[in-house]
Amino acid sequence: MKRFHKPVIIQLGRIDRDRVVITVAEAAGLLLREWPAPQSAKRLRAMEVCLEVINGRKPPRMARDAFIAAAKDAQVFLGETDQAMA
């Protein structure tokens with residue numbers, strides 16, 4: 001399982017439903033099924049990068065960067081945790 005070095009916090013819907021995204025697969029699933037801006041070029045790019053990471057062609061940090069860019073574009077990015085993942 002490919003993990004982000006630091007989790008990313010997003011909010012896709014209700015104010016009390018923050019999501020802490022830890023893995024590339026989790027990010028890909030959210031982008032695919034729950035994203036509020038389905039036509040966004042940044043969303044599509046993040047999905048492509050996640051797939052490349054899952055297939056071992058790119059490092060997880062690239063998926064994390066693309067996921068954050070898509071989250072900012074969709075205005076769902078809340079921040080990052082200070083905890084690095086082991």
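Mentor: Let's begin with the strands: a hairpin joins S1 to S2 through six residues. Keep in mind that this is a predicted model. S1 and S2, which covers residues 18-23, pair in the antiparallel sense over five bridges. For one of those pairings, look at Arg3, whose bridge partner in S2 is Thr23. S1 also pairs with S3, residues 77-80, again in the antiparallel sense, this time over three bridges. There you'll find Ile10 standing opposite Phe77 in S3.

Hold on to Ile10, as it takes us to the core. The largest nonpolar core has 22 residues, and Ile10 is listed with Phe4, Trp35 and Phe67 as having the most contacts inside it. Who supplies this core? At least two residues each come from S1 (3-11), H1 (24-33), H2 (41-54) and H3 (60-73). H3 gives the most, with six residues.

Now zoom in on Trp35. Leaving out residues up to four places away in sequence, Trp35 touches Ile10, Leu12, Leu30, Arg43, Phe67, Ala70, Ala71, Ala74 and Val76.

Finally, look at how H2 and H3 sit together. Their axes come within 8 Å and cross at roughly 160°. The cut-off for roughly antiparallel is over 145 degrees, so H2 is roughly antiparallel to H3. The crossing itself is left-handed. Where they meet, H2 brings residues including Arg43, Ala46 and Val49, while H3 brings, among others, Ala66, Phe67 and Ala70.

Terms used:
Residues are numbered from 1 along each chain as its sequence is written. This is a predicted model: local features need pLDDT of at least 70, side-chain atom pairs count only at pLDDT 80 or more; totals for chains, interfaces and linings use all residues. Side-chain values use heavy atoms; hydrogens and water are left out. A nonpolar core is a set of buried Ala, Val, Leu, Ile, Met, Phe, Trp, Tyr and Cys residues joined through side-chain atoms within 4.5 Å. Buried means under 20% relative accessible area, exposed over 50%, partly exposed in between (1.4 Å probe, protein chains only). Helices (H or I, at least four residues) and strands (E, at least two) are DSSP runs, numbered from the N terminus. Contact means heavy atoms within 4.5 Å. Two strands pair if DSSP finds at least two bridges between them. Axes are lines fitted to C-alpha atoms, for helices over the stretch in contact, and angles run from 0 to 180 degrees between N-to-C directions. Angles under 35 degrees count as roughly parallel, over 145 as roughly antiparallel, 65 to 115 as roughly perpendicular and the rest as oblique. A crossing is left-handed if the near helix is turned anticlockwise from the far one by less than a right angle, and right-handed if clockwise.
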